[in-house]
Amino acid sequence: MERGTNTLVTVLTSSLIHEIHIAKTILASYEIPSYIFDENIMSTIGTAFVEGYKLKVNSLDLKKATEILDDLNSDNN
């Protein structure tokens, strides 16, 4: 990936769709747009346990998004 490119990268993968939606809401509160991938996989193959649902952000927002989600996880542990 080239530095400064404007592409989508995965910031979170989870087998639980509600975790993805919570993270998406949290990132939105910091004005970081995010996009859910594989949300409809349950209706297609019946399970998301193969690779899980993915939350993607712009590559330029990856560092900040990762810090926000990591801080949230460390506060909950």
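Mentor: There are 0 aromatic pairs in the structure, where a pair would need ring centres of Phe, Tyr or Trp (its six-membered ring) within 6.5 Å, with planes under 30 degrees apart called stacked, over 60 edge-to-face and the rest tilted. Keep in mind that this is a predicted model, so local features need pLDDT of at least 70 and side-chain atom pairs count only at pLDDT 80 or more, while totals for chains, interfaces and linings use all residues. Residues are numbered from 1 along each chain as its sequence is written, and side-chain values use heavy atoms, with hydrogens and water left out.

Two rings do have a charge over them, meaning that NZ of Lys or CZ of Arg is within 6 Å of the ring centre and within 35 degrees of the ring normal. The charged end of Lys24 sits over Tyr35, 5.8 Å from the centre of the ring, and that of Lys56 sits over Phe37 at 4.9 Å. Buried here is under 20% relative accessible area, exposed is over 50%, and partly exposed is in between (1.4 Å probe, protein chains only).

The chain has 3 helices and 3 strands, both taken as DSSP runs numbered from the N terminus (helices are H or I, at least four residues; strands are E, at least two). Along the sequence they follow the pattern β-α-β-α-β-α. The 3 strands make an open sheet in the order 1-3-2, with antiparallel pairing; two strands pair if DSSP finds at least two bridges between them. Strand 1 and strand 2 are the edge strands, each pairing on one side only. On average, neighbouring strands are turned by 30° against each other, direction ignored.

Now look at strand 3. It has 6 bridges to strand 1 and 4 to strand 2, residues 34-37. Leu55 of strand 3 stands opposite Leu12 and also opposite Ile36, while Asn58 is the bridge partner of Leu8. Since 6 of the 6 residues of strand 3 are buried, this strand is largely enclosed by the rest of the structure. Helix 1 lies across strand 1, strand 2 and strand 3, at about 15° to strand 3; axes are lines fitted to C-alpha atoms, for helices over the stretch in contact, and angles run from 0 to 180 degrees between N-to-C directions.

The largest nonpolar core takes in this part too. It has 13 residues, and Val11, Leu27, Ile32, Leu55, Val57 and Ala65 have the most contacts inside it. Strand 1 (8-14), helix 1 (17-29), strand 3 (53-58) and helix 3 (62-76) each give two or more residues. Such a core is a set of buried Ala, Val, Leu, Ile, Met, Phe, Trp, Tyr and Cys residues joined through side-chain atoms within 4.5 Å. Val57 shows the packing well: beyond residues up to four places away in sequence, its partners include Val11, Leu27, Ile32, Leu62 and Ala65, a contact being heavy atoms within 4.5 Å.

What about the edges of the picture? Thr13 is in strand 1 and counts as partly exposed because its relative accessibility is 42%. Leaving aside neighbours within four places, Thr13 is in contact with Ile20, Glu51, Gly52, Tyr53 and Lys54. In helix 3 you'll find Leu72, partly exposed because its relative accessibility is 31%. Finally, Glu31 sits in the loop between helix 1 and strand 2. Its phi is near 60°, a positive value in a residue other than glycine, and at 73% relative accessible area Glu31 is exposed.
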